[in-house]
Amino acid sequence: MSELLTAAQMRAIEQAAIASGEVTGLELMERAGRGVVEAVMEEWPELAQSSYKAVVLCGPGNNGGDGFVVARLLKQRGWEVEVFLYGDPDKLPPDAKANYERWCGMGEVRNLSLKSLKEATPRPADLCVDALFGTGLTRPLEGELFDIVSAISTGNGDFFDQRLVSIDAPSGLCLDSGRVLRQPPSQAAMKLAEISGQKAEGPAPFSDLFARLTVAFDSPKLGHYLADGSAVCGKLVVKDIGLINWRCLQSPAKANAKTLNFIASGRGVLRRPEVRLVERENQVVDLRWFTSGLFVGLEKFFPSHKSHKYAHGHALILSGLSGRTGAARLAARAALRVGAGLVTLGVPHEAVTEVAAHITAVMLTEIDTPEILSRVLTDERLNALCIGPGFGVVRAAEFLPDVLAAKRTTVLDADALTALSESEMGFADLHDKCVLTPHAGEFKRLFPDIAARLAEPPVKGPAYSKVDATREAAKRAGCVVLFKGPDTVIASPNGRCSVHAATYERAAPWLATAGSGDVLSGLITGLMARGFAPHHAAETAAWLHTEAARSFGPGLIAEDLPEELPKVFRALGI
Ligand SMILES: NC(=O)C1=CN([C@@H]2O[C@H](COP(=O)(O)OP(=O)(O)OC[C@H]3O[C@@H](n4cnc5c(N)ncnc54)[C@H](O)[C@@H]3O)[C@@H](O)[C@H]2O)[C@@H](O)CC1
Ligand SMILES: [K+]
């Protein structure tokens, strides 16, 4: 299981390990540099066959220190290595300084400028190592540094031949938010923005693919997955630097006083991960648990139905008016495929014929008014609800009070979210068994101030992130919020948070197709019917949704997603 760390958490872990006497900072830096060289040779095996030319750009902190280690290790392999330093060598932190000095015994260090870089690369280098900034980036790049980083971004390969490896992060990327820090806007840009009514933004050194390979240490950071992170990192490799086992083995009995203080301060080293990456490993375990029938919770409500279909729950999906019933039918099909025991569509009278013509395993009940819904919900076996897909905003506003009063596990999506944002009732009636599934536009309508903060250009680090925004939203709403995107963030009011990334090797751009969101809602509803807690259901649904899309491949339409699930389950061995 991966936990996604903030830069401060990573720093705190390193400091605690060093303070405990487990390892020195110098040794950690050596392991980091070794990890980078290893990752480079794994990514480009042709580079391991002979010796080549590298340019290494070192920054003023420990990221630069890693760069000096990489330079030394490549030189020891017989490479021609040109090293550049941005900043004053006398001001380097101690471990970086030690590695600077070791390198000085092997080769020259040039002052980093566009001119010196051009002079040193009459022919492009085979590898460029970006060791300018990592977790210590606090402000946007400026001046010549800005120009250099813009110039080296992949595609601008005057100085090197395509292979750009970034140590820890593409320099300029905020590792807490996945956003590339921008300079404050110029006066002219502000004036222009004022006229066009848009937000003024200063320049960023890059905004799309930067590195071909990014090598991080210990654990991935939030910024590797959120926002632009995955686009600018290229491929992400995380190398162990020996701290994971140390963290696992730490127990209060073994830890020394400094570590104990650290644990007590609760800064995230030894306690449960604060943000987890939703991955195959943890979802497979969870899925086995649910298909084995050992789920908890429902038995206590339906003791006599333990091995009956009711033991797998009964989901009620509310349908829109005729001509708009497709969305709810998609959701219902997904709920059934993901294993809800029974799924019923609640359909308005005038759409009954339309819906009945399309369904077989899904059941149908007529629900025309909120009063009828309340009557239907006197059947306590209906344990999960979904309202919103194709439902109509006005109807959603009428139904919402009764839906929420029923206090079932409930997914609110699409029109239900718009109705919620327009209604006077605010978030007071939501309860902790609700899941809101907004995309960016719906999120903005529901939480305009939070969305505005997230839209502010990131001019200093750590920048406000989608994790910050979703956590704030979940706290305000008092329920789980799943904020959609290629970087989906799921947060609970207690701060529990997960990131599901359909990026890097899990990218499935064809998932952005009409009706795909309705399927996601159905999956969450179905899993909640089966007894999954809301946060867990949202995580697992997001993962299965992408997995089904990846399994099907390009050409996918929303209808294919539920039908692909059996294949996904089979591939998982369940
Ligand atoms: N601390 C440790 O023990 C380890 C650190 N490691 C490396 O160390 C890195 C973190 O090192 P640091 O905390 O020194 O941070 P960085 O090396 O990322 O950068 C910090 C320095 O950059 C300056 N700076 C920040 N933003 C700037 C900007 N826009 N323009 C100009 N200067 C700017 C800061 O004032 C500071 O001097 C990690 O990313 C990783 O690569 C690894 O060696 C593993 C071990
Ligand atoms: K870097």
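**Figure 1. Helix α24 and its span.** The expected span of a helix is 1.5 Å times one less than its number of residues. In this predicted model, α24 runs over residues 560–571 and has 12 residues. From first C-alpha to last, α24 reaches 17 Å, close to the 16 Å expected. Gly573 follows α24, with a positive phi near 80°.

Figure 2. An α-helix has 3.6 residues a turn, so residues three or four places apart point the same way.

**Figure 3. Helix α6 and its buried side.** Helix α6 covers residues 143–152, and its buried residues are Leu145, Ile148, Val149 and Ile152. These residues cover an arc of only 95° around the axis, which puts them on the same side of α6. They pack against one helix, α5 (114–120). They also pack against the strands β4 (127–131) and β5 (164–167).

Figure 4. In soluble globular proteins, nonpolar side chains tend to be buried together. The largest nonpolar core here has 171 residues. Val56, Ile317 and Ala335 have the most contacts inside this core. Domain 1 (24–177) and domain 2 (278–571) each contribute at least three residues to the core. Leaving aside neighbours within four places in sequence, Val56 is in contact with Gly67, Val70, Ala71, Val81, Val83, Val129 and Ala131.

**Figure 5. The shell around ligand 1.** Ligand 1 has 27 residues around it. Which of them come nearest? They are Gly61, Asn62, Asn63, Gly134 and Gly136. Helices α2 (25–43) and α3 (62–76) each supply at least two residues of the shell. The largest share, 5 residues, comes from α3.

**Figure 6. Where the two domains meet.** The protein is divided into domain 1 (24–177) and domain 2 (278–571). Taken over C-alpha atoms, the centres of domain 1 and domain 2 are separated by 46 Å. How many residues of each domain are in contact with the other? The contact involves 7 residues of domain 1 and 8 residues of domain 2.

How values were computed. Residues numbered from 1 in each chain as written. Chains lettered and ligands numbered in written order. Predicted model: local features only at pLDDT ≥ 70, side-chain atom pairs only at ≥ 80, totals over all residues. Core = buried A, V, L, I, M, F, W, Y, C linked by C-beta atoms within 7 Å. Buried ≥ 20, exposed ≤ 12 C-beta atoms within 10 Å, placed from the backbone. Domains from an automatic or database assignment. Helix = DSSP H or I, 4+ residues; strand = E, 2+ residues; numbered from the N terminus. Near = placed C-beta within 6 Å. Arc of directions from axis to C-beta.
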